[in-house]
Amino acid sequence: MSLAVVHTRARLGIDAPEVTVETHLSPGLPGLSIVGLPEAAVRESKDRVRSAIINSNFDFPTRRITINLAPADLPKEGGRFDLAIALGILAASGQIPPETLHNKEFLGELALSGELRPVLGLLPASIASTHKNRTIFVPYENGDEAALPNKASVIAATSLLDVCGYLMGNKASTLHPQPSRALPASLNVSRPSADMADVKAQHQAKRALEIAAAGGHSLLMSGPPGTGKTMLASRLPGILPPLTEDEALEVAAIASITLGNTCAEHNWCSRPFRNPHHTASAVALVGGGSNPRPGEISLAHRGVLFLDELPEFDRRVLEVLREPLESGEIMISRAAQQVKYPASFQLIAAMNPCPCGYHGDPSGRCHCNPEHIKRYRNKLSGPLMDRIDLHITVPVVPHAELRRTHQPAETSQTVQQRVCFARNKQSQRQGKANFLLNSQDIEKYCPLSEQNQLLLEQAAEKLALSARAFHRILRVARTIADLEDSADIQQSQLMEALSYRPRFTSL
């Protein structure tokens, strides 16, 4: 047989489109050509494959070899196609039975010795092959990662020779199916060490953090240095609801294409917490580059993006957050391709009240003049601030309060139970979290009595609230009502939601 077909997967964002490797052997001068929009690393695979085949004790055909990577208009990059190309050559030359390649997919980079090396972004390929009910052959180092999806059929191999031996039914082969490591959707693995019980005092801040977790709302904390803003933010992942299996796979897929084989069993169900430095560029935050890669907002998908020292970020960098905050995704366009990455993150930000950080401190140590304070706060645009649901002040805790023996504080697990209760109510009522409610949903699920409607209208006029802020207040009030197991929004709940909006002149 002079024609063989092998299936593999390319990488496009967090998707893994199928690629068919067609190998044809024909008479003529010996040579190997690869077509189908291969990039440099793919074109170089001819040399790796040739050496790997010879060093695995197979014969490299002395014929004209043409390899087509279909579809032809999909860019192909990296060494992930090496194994499929080598098997195509061996099958086309009759050295392995072509029928053994049916209903299977192969990914892996070949060393000159024939050993398999791990590849970046293998998890999306494993997910896609599972949907096709195919067995996927991967390098041994990628085995745990590929086995994360439930019902995945994975064979982890160390070399080309081992793969061929397994395909030909060699009982001496050391290869065995990789057991699936998928965890039950309801399992909450490895609770983070940062616990809410460690936070002393700051009752309003802890209340705001609970509301933010219960409804998926964004939060801005303002206060002097050392009041616990970072400490509070780092405890938000511990009170968020556990990831479902599908959500965990989304998070792991983004980590797979960015960080490589880091999806260990002990942490793959944990919500991400990203804390980029304020010197980060727009590309680092949203993603990009000539070969588009995910940024911090995508790495924080289904988790928390914490921006400390918010005004110190470049204003143009912060402005790129406006669209993903609304849409939950980011589109990166380049001349060659357009890639979409998920970016459904929860924004938690912290800032000081002035450049020195001590404006309003009773000690009077702040010497910033009003012009400096205004310039400092004006680094944050109105549209961005309008998109943040909760604004709170985190005051200084007296030293005596820190040393005082308190009653045992609530743990993250206790708070998480209330958060999960509120999220379950939202799921049963509208099928999504409150922060995702659109204007039609708000009219349906956030009705107000005439008295409360009048109160909200008067507050909106006094605070000069935009229509967006008006709707965000209703979403927050709905979340507070869910935490208190209230069917309707009460006046006290509406007043609390209003208290989390800043006055128009305060920022």
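**Exercise 1. A cysteine in a loop**

Is C446 buried or exposed, and what is its relative accessible area? Work out where C446 lies and what it is in contact with.

*Solution.* The structure is a predicted model, and every step below is read from that model. Begin with the position: C446 belongs to the loop that runs between α18 (439-445) and α19 (450-462). Next take the accessibility: C446 has a relative accessible area of 4%, and since buried means under 20%, C446 is buried. Then look at the surroundings: once neighbours within four places in sequence are set aside, C446 is in contact with L437, D441, L474, R478 and I489. Finally, as a check on distance, C446 and Y341 are 105 residues apart along the chain, and their C-alpha atoms are separated by 31 Å.

**Exercise 2. The largest nonpolar core**

Determine how many residues the largest nonpolar core has, and which of them have the most contacts inside it.

*Solution.* The largest nonpolar core has 49 residues, and those with the most contacts inside it are L219, M221, L236, I348, I392, L494 and Y500. Helix α20 (residues 467-483) supplies the largest share of this core, with 8 residues. Another core lies apart from it, made up of 40 residues that include I65, L74, A91 and I155. To see the packing around one member, take L219, which, leaving aside neighbours within four places in sequence, is in contact with A208, L209, A212, L347, I348, A349, I388, L390 and I392. As background, nonpolar side chains tend to be buried together in soluble globular proteins.

**Exercise 3. The parallel sheet**

Give the order of the strands in the open sheet of 5 strands, and identify the edge strands.

*Solution.* The order is β12-β15-β18-β11-β19, and the pairing is parallel. The edge strands are β12 (273-274) and β19 (390-393), each of which pairs on one side only. Inside the sheet, strand β11 (residues 219-222) is joined by 4 bridges to strand β18 (residues 346-351), and L220 has A349 in β18 as its bridge partner.

**Exercise 4. An enclosed helix**

Explain why helix α6 is largely enclosed by the rest of the structure.

*Solution.* Helix α6 (residues 160-167) has 8 residues, of which 6 are buried, so α6 is largely enclosed by the rest of the structure. The buried residues are L160, D162, V163, C164, G165 and L167. After α6 comes G169, whose phi is positive, near 75°. For the chain as a whole, 53% of the 507 residues count as buried.

Conventions. Residues are numbered from 1 along each chain as its sequence is written. This is a predicted model: local features need pLDDT of at least 70, side-chain atom pairs count only at pLDDT 80 or more; totals for chains, interfaces and linings use all residues. Side-chain values use heavy atoms; hydrogens and water are left out. A nonpolar core is a set of buried Ala, Val, Leu, Ile, Met, Phe, Trp, Tyr and Cys residues joined through side-chain atoms within 4.5 Å. Buried means under 20% relative accessible area, exposed over 50%, partly exposed in between (1.4 Å probe, protein chains only). Helices (H or I, at least four residues) and strands (E, at least two) are DSSP runs, numbered from the N terminus. Contact means heavy atoms within 4.5 Å. Two strands pair if DSSP finds at least two bridges between them.
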